[in-house]
Amino acid sequence: MDNSYIEQLENFLGGTFHQDIDSIQEALNKYIDECDKEWLNKIIISGEKFLQSDISDDNKDKFIEDSTEIYFESINMNPREWLNCIINTLKKEVNKQHYFQ
């Protein structure tokens with residue numbers, strides 16, 4: 001079984017949502033600005049595979065928490081809900097990029 005999507009997702013989360021960010025949205029916008037559509041699609045696929053995997057919900061939450069510097073209680077979402085929102089934002093951006101190319 002190919003689990004490279006987990007490493008890709010971990011790199012995205014850790015490299016984007018670290019302790020030096022001012023806000024989640026600002027960090028995500030910066031990432032989107034720096035990446036092309038193909039790469040964003042890879043992150044979307046990795047995130048979706050992870051969320052749909054057989055990994056327990058508790059372990060998924062722990063993985064996301066360990067890979068980011070986000071205090072989830074302050075945003076009133078659990079880590080899986082948050083990641084799903086991030087994936088949906090990336091999907092919207094990819095669709096927007098598609099129309100402007």
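## Core, cysteines and a buried lysine

Among the 24 residues of the largest nonpolar core, those touching the most other members are Phe-12, Leu-13, Phe-17, Ile-64, Trp-82, Leu-83 and Leu-90. Such a core is a set of buried Ala, Val, Leu, Ile, Met, Phe, Trp, Tyr and Cys residues joined through side-chain atoms within 4.5 Å. Two or more residues come from each of the elements α1 (4-16), α2 (24-34), α3 (37-52), α4 (57-67) and α5. The largest share, 6 residues, is given by α5. In soluble globular proteins, nonpolar side chains tend to be buried together.

This is a predicted model, in which local features need pLDDT of at least 70 and side-chain atom pairs count only at pLDDT 80 or more, while totals for chains, interfaces and linings use all residues. Residues are numbered from 1 along each chain as its sequence is written, and side-chain values use heavy atoms, with hydrogens and water left out.

Helices here are DSSP runs of H or I with at least four residues, numbered from the N terminus. Helix α5 covers residues 79-100 and contains Ile-86. Ile-86 counts as buried because its relative accessibility is 5%; buried means under 20% relative accessible area, exposed over 50%, and partly exposed in between, with a 1.4 Å probe and protein chains only. Leaving out residues up to four places away in sequence, Ile-86 touches Phe-12, Phe-17, Ile-24 and Leu-28, where contact means heavy atoms within 4.5 Å. Leu-28 is 58 residues from Ile-86 in sequence, but their C-alpha atoms are 8.1 Å apart. With the same exclusion of residues up to four places away, the contacts of Trp-82 include Leu-13, Phe-17, Ile-24 and Ile-64.

The whole structure has 0 disulfides, a disulfide being a pair of cysteine sulfur atoms within 2.5 Å. Two cysteines are compared below.

| Cysteine | Relative accessible area | Closest cysteine sulfur |
|---|---|---|
| Cys-35 | 16%, buried | Cys-85, 19 Å |
| Cys-85 | 34%, partly exposed | Cys-35, 19 Å |

Lys-60 is placed in helix α4. Lys-60 is buried and has no salt bridge, with the nearest side chain of opposite charge, Asp-57, 4.1 Å away. A salt bridge needs a side-chain nitrogen of Lys or Arg within 4 Å of a carboxyl oxygen of Asp or Glu. For charge, Lys and Arg count as positive and Asp and Glu as negative, with His and the chain ends not counted. The Lys-60 side chain reaches the backbone oxygen of Leu-51 at 2.6 Å.

Technical notes. A polar contact is a pair of N or O atoms within 3.5 Å; within protein, one must be able to donate a hydrogen and the other to accept it, and residues adjacent in sequence count only if both atoms are side-chain atoms.
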